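Subject: Structure handover

Hello,

My notes follow below it.

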Amino acid sequence: MEESLKKFIDDAFEPYGDFPAKEDVTRELLSNLEEKYRDLKTQGKSDEEAYTQATESFGDVREIMAELGHETPEVTEAQETPKVSAIHKFARIMLGDADLSGTNLSDANFSGSAAQKTNFAGANLAGSKFAGAALSDANFAGANLTKAVFTGSDLQNATFDNANLTDTKFKASALKNATFKNASFNGTVFKSCDFTGVIFEGEMTNLIFQTSSTSKASFKNATLRNVSFHHSDVKKTNFEGASMDKVTYALLKGAKATLDGVTVVD
């Protein structure tokens, strides 16, 4: 069945060709899918039932892939007009180890870029697009990422500490070991992402986790208000010392999260 799940992921990405983060992202998404499949099997589902429910829970993968596909015209334009202002045209270029800290890059397009270890600390990245970008070990500390969109990107070991993530969207991205200490969350959406080893700290308000595995993430000592974990695995998520409103607590309890020592607040 693992081969069938791998084929499901491969088929979803196949129409969009190669991009810098493809290997890492597909590997992490496959790991998420396999974990979901195993959980369903332990619940007594047959192989076929577990496969069907796991792939259905993956949700709108076609929508995610369509978003990647929609980047093509902009990527082509950037390639054909390399002298266009760099503030808006970073698609499909090499940026590894670049220092872009403190710069104004609002509405920039980094789709398909290789930007591992790039320093975006304190930069204004409001409304920017990161589709299929390689951003492992990138530093977004203190950056303004309001309404930015990360789709199918490799964000492993990235730093988002103290970043403004208001209305930011993360879709089908690998976030293994990323940190979000004291980031500003409000209307932030994580969909079909991997959170293995991810650390969330500070105040979290109006935040949505959808069809994502947070089972190996930590919300230790965080404050959660109106945080939704829709179709997400929270059974092994660390909520030690966390505070949360009654609705968030009830939803997590219903999802069989371990909530020993959690404080319920108004």
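Where is F110 found? F110 sits in the loop between α5 and β1. Helices (H or I, at least four residues) and strands (E, at least two) are DSSP runs, numbered from the N terminus.

Some ground rules before the rest. This is a predicted model, in which local features need pLDDT of at least 70, side-chain atom pairs count only at pLDDT 80 or more, and totals for chains, interfaces and linings use all residues. Residues are numbered from 1 along each chain as its sequence is written, and side-chain values use heavy atoms, with hydrogens and water left out.

**Overall**

The chain has 266 residues, and 48% of them count as buried. Buried means under 20% relative accessible area, exposed over 50%, partly exposed in between (1.4 Å probe, protein chains only). There are six helices and 12 strands in the chain. Take the contacts (heavy atoms within 4.5 Å) between residues at least 6 apart in sequence: 17% of them join residues at least 24 apart.

F110 counts as buried because its relative accessibility is 1%. F110 and F150 are 40 residues apart along the chain, and their C-alpha atoms are separated by 9.6 Å.

N124 lies in the loop between α5 (72–80) and β1. N124 counts as partly exposed, because its relative accessibility is 24%. Leaving out residues up to four places away in sequence, N124 touches T103, N104, L105, S106 and N144. N124 and N164 are 40 residues apart in sequence, with 9.6 Å between their C-alpha atoms.

D107 is also placed in the loop between α5 and β1. Its phi is near 65 degrees, a positive value in a residue other than glycine.

**S136**

S136 is in the loop between β1 (129–131) and β2 (149–151). Buried or exposed? S136 counts as buried, because its relative accessible area is 14%. Neighbours within four places in sequence aside, S136 is in contact with Q116, K117, D154, L155 and Q156.

**Cores**

A nonpolar core is a set of buried Ala, Val, Leu, Ile, Met, Phe, Trp, Tyr and Cys residues joined through side-chain atoms within 4.5 Å. The largest one has 52 residues. F140, L145, F160, L175, F180, F200 and F239 have the most contacts inside it. β9 (203–210) and β10 each supply at least two residues of this core. A second, separate core has 12 residues, including F8, I9, V25 and L40.

Which residues does F160 touch? Not counting residues up to four places away in sequence, they are F140, L145, F150, L155, L165, F170, L175, T179, F180 and A183.

**Strand pairing**

Two strands pair if DSSP finds at least two bridges between them. Several pairs involve β9.

- β6 (residues 184–186) pairs with β9 in the parallel sense, over two bridges. F185 has M204 in β9 as its bridge partner.
- β7 (residues 189–191) and β9 run parallel, joined by three bridges. K191 has Q210 in β9 as its bridge partner.
- β9 and β10 run parallel, joined by seven bridges. Here I208 stands opposite S228 in β10.

**Largest pocket**

The largest pocket holds about 660 Å³ of space. On a 1 Å grid over the protein atoms alone, a pocket is an open set of points where a 1.4 Å probe fits, with protein on both sides within 12 Å along at least five of seven lines; lining residues have an atom within 4 Å of a point. Grid points are joined across faces, edges and corners, and the volume is the space filled by probe spheres set on the points.

The largest pocket is lined by 31 residues, and K36, H231, S232, D233 and V234 are the closest to its centre. α2 (22–42), α3 (47–57), β10 (223–230) and α6 (246–254) are the elements that give two or more residues to the lining. α2 gives the most, with six residues.

The lining divides into 10 nonpolar, 14 polar and seven charged residues. Ala, Val, Leu, Ile, Met, Phe, Trp, Tyr, Cys and Pro count as nonpolar, Asp, Glu, Lys and Arg as charged, and the others, Gly among them, as polar.

**K256**

K256 is placed in the loop between α6 and β12 (263–265). Its phi is near 65 degrees, a positive value in a residue other than glycine. K256 counts as exposed, because its relative accessibility is 62%.

Best regards
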